[in-house]
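Please look over the backbone and the helix packing of the model shown here. A short report follows the display.

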Amino acid sequence: MEENLQNNGEYFNVADIFGENVFNDAVMRQRLPKKTYQMLKETIRLGKQLDLETADVIAHEMKEWAIEKGATHYSHWFQPLNGITAEKHDSFISAPMSSGKVLMSFSGKELIKGEPDASSFPSGGLRATFEARGYTTWDCTSPAFVRQDAAGATLCIPTAFCTFTGEALDQKTPLLRSMEALNEQALRFIRLFGNTTSKRVIPCVGAEQEYFLVDRNMYNARKDLIYTGRTLFGAMPPKGQEMEDHYFGAIKERVASYMRDVNKELWKLGVTAKTQHNEAAPAQHELAPIYEQANVAVDHNQLTMETLKKVATRHDMYCLLHEKPFAGVNGS
């Protein structure tokens with residue numbers, strides 16, 4: 001209780017901590033040589049190809065920045081067809097020198113491309129298991145970030161995941177391709193109205209995230225919740241939604257403390273957590289960000305779901321992301 005009170009008494013300025021663990025534009029402008037920064041911005045804005053020499057400079061500065069944040073490993077962070085994120089951690093150390101010492105290194109090639117084993121990921125029957133090589137490739141339009149958890153600090157690099165021949169093995173690749181198709185057709189359309197200066201049309205998304213919070217002891221007592229993420233049997237509670245008193249109601253202190261910790265974690269990762277409130281169903285809540293570029297919004301939504309679950313364990317609760325986990329309860 002004393003620890004909770006101490007945490008609740010901690011004040012911080014959101015502007016000071018926002019994006020502190022993100023290799024964002026401000027960090028790149030400060031750390032990268034001017035020419036390298038401009039070439040990377042051209043790649044981000046116009047989809048131009050990035051040469052390996054420029055990638056080496058970016059990788060070095062990204063590594064140095066991450067080490068200053070306490071990172072020992074980097075990971076290509078991707079979204080396979082299993083509904084969650086995946087990652088393989090590699091440390092920055094190189095092969096030992098003759099003196100027995102090691103150097104911390106991270107090359108442009110390691111930044112741009114990875115080769116995780118894809119044999120155990122869903123593939124939609126694209127290929128046999130023994131041919132299941134997969135490749136990750138850096139999505140430079142979504143900023144890298146340092147995630148701090150029980151494993152320490154890890155530099156996470158958002159990537160797409162595909163086969164050698166280009167078939168998508170993830171959720172990001174089709175999204176990036178659809179964004180490019182939309183950009184191409186939207187530019188063609190606005191040219192008909194006399195707009196000859198725009199170079200790119202970028203779709204934006206603001207993904208609301210709804211969730212349920214359940215006390216950890218109650219969650220552990222229900223095997224159906226543990227195994228399926230929703231209830232499969234049980235009686236209705238004596239008090240339901242007759243009064244409709246939960247929606248936009250006053251947030252209880254235990255939940256408010258949880259929301260505060262979630263917001264702080266997300267703000268450090270550059271996620272624009274904006275709105276929070278009680279939702280329609282008992283124990284249901286919502287977190288809504290400010291809309292942003294579609295692929296960045298999807299990455300941030302994945303981070304939001306991971307953070308909601310991680311922080312819930314600290315508060316002796318479990319976070320359910322199922323949209324309707326309780327039968328007979330009218331969730332949003």
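The model is predicted: local features need pLDDT of at least 70, side-chain atom pairs count only at pLDDT 80 or more, and totals for chains, interfaces and linings use all residues. Residues are numbered from 1 along each chain as its sequence is written, and side-chain values use heavy atoms, with hydrogens and water left out.

**Positive phi**

Most residues other than glycine have a negative phi. A283 has a positive phi and is not a glycine. D316 also has a positive phi without being a glycine. Helices (H or I, at least four residues) and strands (E, at least two) are DSSP runs, numbered from the N terminus.

| Residue | Phi | Loop between | Relative accessible area |
|---|---|---|---|
| D316 | about 60° | α11 (294-314) and β12 (317-320) | 38% |

The cut-offs are under 20% relative accessible area for buried and over 50% for exposed, with partly exposed in between (1.4 Å probe, protein chains only).

**Helices α4 and α5**

How do the axes of α4 and α5 cross, and at what angle? The axes of α4 (residues 34-46) and α5 (residues 52-68) come within 10 Å and cross at roughly 110°. Axes are lines fitted to C-alpha atoms over the stretch in contact, and angles run from 0 to 180 degrees between N-to-C directions. That makes α4 roughly perpendicular to α5, a term for 65 to 115 degrees.

T36, M39 and L40 in α4 meet T54, V57 and I58 in α5. Contact means heavy atoms within 4.5 Å. By class, the contact has four nonpolar, two polar and no charged residues. Ala, Val, Leu, Ile, Met, Phe, Trp, Tyr, Cys and Pro count as nonpolar, Asp, Glu, Lys and Arg as charged, and the others, Gly among them, as polar.

Technical notes: Parallel < 35°, antiparallel > 145°, perpendicular 65-115°, else oblique.
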